[in-house]
Structure formats: structure tokens, C-alpha cells
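This report goes through a protein chain part by part. The sequence and the model come first, and the description follows.

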Amino acid sequence: ACAVAAELSSFDIGSDANGSVRRPAHFCGVFGLKPTANRIPLTGHIPPPPGVPRLDRVMLAPGPIARSAEDLNLIMSVIVGPDGVDNDIPPLTWRRARRRKRRLRIAYAPSLASGPLASHVSEVIDGALRQLATAGAIIEELELGQLRDALAQIWQDFAVANAYIVLSAIPDLRPDWHASADITLMHWIQLLDARDHFIRNVDYRLEKFDALMTPAACTTAHSHPTPPSLEVDGHCIPTWRLNDYLWPFNFTGHPAVVLPAGIAKDGLPVGLQLIGRRWRDEVAVLDREQAVA
């Protein structure tokens with residue numbers, strides 16, 4: 001993302017299992033897309049160790065980083081679709097979204113994360129939302145506290161089971177966990193079923209909207225090396241909480257793009273995350289002319 005922002009590269013492609021495409025895009029003031037799960041083949045991605053099968057079929061999705069929505073559209077038109085190697089990819093080509101004949105309806109959900117949102121980030125987002133409304137978009141604030149709490153309950157068990165499966169398959173990392181006795185095949189199937197129900201719940205919330213919008217992170221870029229915790233408007237939070245708005249859509253598989261919203265008072269970029277319906281990534285990646293009627 002830094003190289004793209006500095007114009008040292010026209011674009012890049014990364015892998016996003018927990019926000020690793022979208023968080024750098026937010027920090028650097030560029031565009032980053034995590035597409036619908038299984039929209040892009042994983043062929044050529046960094047493989048697991050020799051003799052280890054593919055371990056993750058839920059969280060990981062490769063996606064592009066670029067300086068414009070137009071560039072994201074161009075890159076996606078090249079890399080989506082079956083390649084004859086990755087069997088999970090449906091025969092769905094990239095079809096650039098047409099100019100809209102009606103106003104864009106966006107649900108804004110600042111409550112998706114339970115932690116604080118820095119005031120200097122919130123100010124930029126409020127300004128971007130006002131610009132969208134002035135341009136003709138219909139913005140409606142959506143309360144997602146119940147959905148957030150339901151996700152937390154599912155994720156607590158899912159994350160432990162998923163980590164145990166991944167670590168157990170790699171001989172040098174096999175964990176000696178007492179919890180392993182509860183992680184059976186049926187337990188895993190039940191967790192996947194709970195995930196299916198949660199995805200349908202998200203789809204239901206999105207039915208009357210073209211997209212869902214959230215902050216990309218609770219604050220702007222931090223110093224390096226990465227500190228273990230950050231102060232956000234007087235609250236101390238662990239650094240991993242920066243992905244609170246991002247990883248839920250790895251879990252559900254919905255397409256999510258981070259786009260620049262403006263510059264905060266501290267001089268650093270702020271991004272907005274736009275989430276679309278599954279398999280309709282093109283609607284989330286709208287250029288400026290397409291965004292409003």
C-alpha cells in the first residue's frame with residue numbers, strides 16, 4: 001500500500017484474512033478491495049508447508065490495492081474467474097457496474113465495533129457522509145449492536161476451532177490444548193452451520209440497501225514497530241482491535257472495499273469501508289460518476 005500511495009507501483013495484490021489489504025489502504029489513503037470469498041483463485045498464493053493441505057476455506061481472500069476505483073475495476077476484470085486449478089471459483093466474470101438510474105442507498109453502521117472511534121477519524125467520516133448526501137446518495141444510520149453481539153458469540157468458538165485445525169495440520173506447531181477434546185468434526189460442522197445463519201442475517205439487513213458503510217479503523221496509522229496497544233481518545237485498546245470493522249467480512253465472505261475519505265487533523269489519511277452483497281462486488285467498487293444518479 002505504501003508503494004502504491006507513493007506512486008512507486010500502479011497497483012498491488014495482497015491477501016486479506018483479517019484486514020491485511022484494507023487496513024493498509026486506510027493507513028495510506030488508497031483503495032483496497034477484499035472481494036467476495038472465492039471470487040479470485042488462490043493459485044500462486046503463498047502455499048502451506050509441503051505435505052499440508054489447504055487449511056482455510058473461510059477467511060482468506062486475495063484482493064487488489066490501487067489509487068482509484070477505476071484501477072480496481074481494471075485489475076479485477078483480469079484476475080477474477082476460474083483458472084482451471086482452484087476448484088472453488090465459480091464461472092462469474094467481472095461486469096463493471098452500470099451508471100445508476102436511482103439514488104444510491106447506503107446504510108452507515110458505526111456501531112459494528114464496540115470500541116471507541118477516534119474523534120479525528122469521526123470528523124473526516126462525517127464530512128465524507130455529508131458529501132455523499134449532497135451528491136445524491138441516501139444515507140441511513142443502521143444500528144448493528146445486536147448483530148455485533150451475535151457475531152462475538154459465534155466467533156469465540158469458531159476462532160478457537162479454526163486455529164486448532166490449522167495448527168494441528170503443521171507438525172512443528174501442533175498445540176497441546178486441553179480444549180482440543182471438544183473440537184470434533186460435528187462441532188466444526190455446527191460452527192459452519194452457525195456461520196451460514198449469521199450470513200443470512202447480514203444479507204437480510206442489506207436487502208433494502210445498495211451497500212453497508214463502516215469506518216475502516218478506529219484511528220489513523222500508528223508508529224512502527226507496531227505497539228501492543230494504542231490510545232484512542234483517552235481509551236487504551238490492544239492494537240489487534242484495529243481490525244474490528246474489517247475481519248467480520250472475512251468471516252461472512254462479503255465483498256468489502258476501503259476507499260479514501262479524507263485527511264484527519266493529525267495529517268494522516270482516513271478510509272471508509274463499503275460492504276456489498278456477496279457476488280455483487282462490482283456495486284461496491286463504483287467510480288465517482290457511477291455512485292450517484
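## Terms and basis

Contact, as used below, means heavy atoms within 4.5 Å. By this rule, and not counting residues up to four places away in sequence, V270 touches H26, V121, V124, I125, T220, L259, P260, A261, G262 and A264.

The model is predicted, so to speak of local features a pLDDT of at least 70 is needed, side-chain atom pairs count only at pLDDT 80 or more, and totals for chains, interfaces and linings use all residues. Residues are numbered from 1 along each chain as its sequence is written, and side-chain values use heavy atoms, with hydrogens and water left out.

## Nonpolar cores

A nonpolar core is a set of buried Ala, Val, Leu, Ile, Met, Phe, Trp, Tyr and Cys residues joined through side-chain atoms within 4.5 Å. Buried means under 20% relative accessible area, exposed means over 50%, and partly exposed lies in between (1.4 Å probe, protein chains only). The largest nonpolar core has 37 residues, and L72, I125, M213, V270 and L272 touch the most other members. At least two residues of this core come from each of β2 (31–34), α3, β4 (105–108), α4 (119–135), β6 (211–215), β7 (229–232), β9 (256–263) and β10 (269–275). The element that gives the most is α4, with 5 residues. Helices (H or I, at least four residues) and strands (E, at least two) are DSSP runs, numbered from the N terminus.

## Helix α3

The buried residues of α3 are A69, L72, N73, I75 and M76. They pack against β1 (11–16), β2, β3 (61–66) and β9. Just after α3, G81 has a positive phi of about 100°.

E70 also belongs to α3, which covers residues 69–79. E70 counts as partly exposed because its relative accessibility is 39%. Between E70 and R96 there are 26 residues of sequence separation, and their C-alpha atoms are 9.7 Å apart.

N250 lies in helix α7 (residues 248–252). N250 counts as buried because its relative accessibility is 0%. Apart from neighbours within four places in sequence, N250 is in contact with D16, A17, N18, G19, R22, K34, V58 and M59.

L151 is part of helix α5 (residues 145–168). With 5% relative accessibility, L151 counts as buried. Beyond its neighbours within four places in sequence, L151 is in contact with F198, W247, P248 and F251. The C-alpha atoms of L151 and S168 are separated by 25 Å, and the two residues are 17 apart along the chain.

## Salt bridges

Side chains of opposite charge can pair when their charged atoms come close. A salt bridge is a side-chain nitrogen of Lys or Arg within 4 Å of a carboxyl oxygen of Asp or Glu. The structure holds 12 salt bridges. One of them joins R39 and E282, with the closest N and O atoms 2.9 Å apart. R39 sits in the loop between β2 and β3 and E282 in helix α8 (residues 281–284), so this pair links distant parts of the chain, 243 residues apart. R39 counts as buried at 2% relative accessibility, and E282 counts as buried at 6%.

The side chains of K208 and E140 form a salt bridge with an N to O distance of 3.7 Å. Since K208 lies in the loop between α6 and β6 and E140 in strand β5 (residues 138–141), the pair ties together parts that are 68 residues apart in sequence. E140 is partly exposed, with a relative accessible area of 27%. R278 and D203 also meet in a salt bridge, at 2.4 Å from N to O. R278 is in the loop between β10 and α8, while D203 is in helix α6, 75 residues apart. R54, R57, D86 and D88 are linked in a network of salt bridges.
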